[in-house]
Amino acid sequence: MEIGTRPEMDIPDSKFISRPEIAKYFEKIFQPGEDQSNYHIIYGNKGNGKTTLAKKMANEVGQGVIYVDTPYNIENFEKSFGSIHDFTFKEDSSFLFQLIQKFFDKAGVNKIDKLKRALNAFTKAAKIYKEQYDNPPVIIYDNIDNIDPKILEILQDDAEYNANNGTYIAVFICGGEKFTQILQSSRKSHIFEVEDLNKDESVNFLIQKLKISPEDADKIYGLVGGNIRELKFVAERLKNGELLEDIKENILLEVEKKFDIAKLDLTQEGRSIIGTLLKSKEVGYLEFKKVFGKVEGFNGMNIFTYHHKARSVTFQSRPIELYIKSKFKFPQYIAESANEYNFTT
């Protein structure tokens, strides 16, 4: 815990996108003061760089920052949680392990109880750390979209209790589609959204990092917006000789599959909401919820994204917006924005 877990970076420095404002925020919350009393929720669309930035800043801060990648099932979560200090629950290699072993080596203890005992052990270690260094340690739970809801509830309860007591500070990182579920059980959390890249950031990334021509970079952004994962995906296919129009067609086919599964009910009120989104790019959360009932999970498919600070809803991605424009009849909005996104070849 004293030196932190130093998570391994997934991309080389040459491909890393510097986002100074977000990095500064991460650096701040990874170094809490002794009176810190809130835990944190960081959310945003999948593939927009949250994990990479969190790992980068966890490595730079180092001391007292514990990174845990959270798998779905509780058995693997035990292993992931146990790897905090390069140990598993059966390998004696640290003081923290001895604490956990004390709680785990009891016959007949179910998996949920085991997790609670592990968290109790971590809390004991965190208290020792705080006594020595004055400030509480930080534990980052990344990719909590994968996690079982029962585990998530336990982790949030523990995070709130220990933030109140100043023992340790938890940081939860999730995709936008999981955010509203997490928010429902969140009470003493500070919430921060990592947004996709804007146009200038996206085009610069494509030109400088991925060596795409300025003309193609502009077209790629027009097709997929500022999601880093999608920008990389299209750039790689373009470099492999595929035509942008063919890439576009395949992307929209995937969106069509989502819509077929989602079975979105486009009644007159629903069409009005979609029309507002096409024209204004966002709609108020309460207005949206009144018509559709929820933001995420239409038969498991995510078409929209909720933005907590603005209390608004947008399309989940640029391809979804393009698909709606191409397949549904909203002539008054399509006509005035027909040339908004340039992705023709």
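**Sheet, loop and rings**

Author: An open sheet of 3 strands has antiparallel pairing and the order β6-β8-β7. Strands here are DSSP runs of E, at least two residues, helices are runs of H or I, at least four, and both are numbered from the N terminus. Two strands pair if DSSP finds at least two bridges between them.

Reader: Which strands stand at the edges?

Author: β6 (283–284) and β7 (304–307) do; each has a single partner strand, so one side of each is left without a neighbour in the sheet.

Reader: Before we go on, what kind of model is it?

Author: This is a predicted model, where local features need pLDDT of at least 70 and side-chain atom pairs count only at pLDDT 80 or more, while totals for chains, interfaces and linings use all residues. Residues are numbered from 1 along each chain as its sequence is written, and side-chain values use heavy atoms, with hydrogens and water left out.

Reader: Ok, back to the sheet. How many bridges join β7 to β8?

Author: 4 bridges join β7 to β8 (residues 312–315), and these two run antiparallel. His307 stands opposite Ser312 in β8.

Reader: New topic: where does Ile147 lie?

Author: Ile147 is in the loop between β3 (138–142) and α6 (149–165).

Reader: Buried or exposed?

Author: Ile147 is buried, with a relative accessible area of 1%. Buried means under 20% relative accessible area, exposed over 50%, and partly exposed in between (1.4 Å probe, protein chains only). Ile147 and Thr70 are 77 residues apart in sequence, yet 6.4 Å apart in space, C-alpha to C-alpha.

Reader: And rings? How many aromatic pairs are there?

Author: A search of the whole structure finds 13 aromatic pairs. Rings of Phe, Tyr and Trp (its six-membered ring) pair if their centres lie within 6.5 Å; planes under 30 degrees apart count as stacked, over 60 as edge-to-face and the rest as tilted. Phe259 and Tyr323 have ring centres 5.0 Å apart and planes at 40°, so the pair is tilted.

Reader: Which residues form an aromatic cluster?

Author: Tyr25, Phe26, Phe30 and Phe192 form one.
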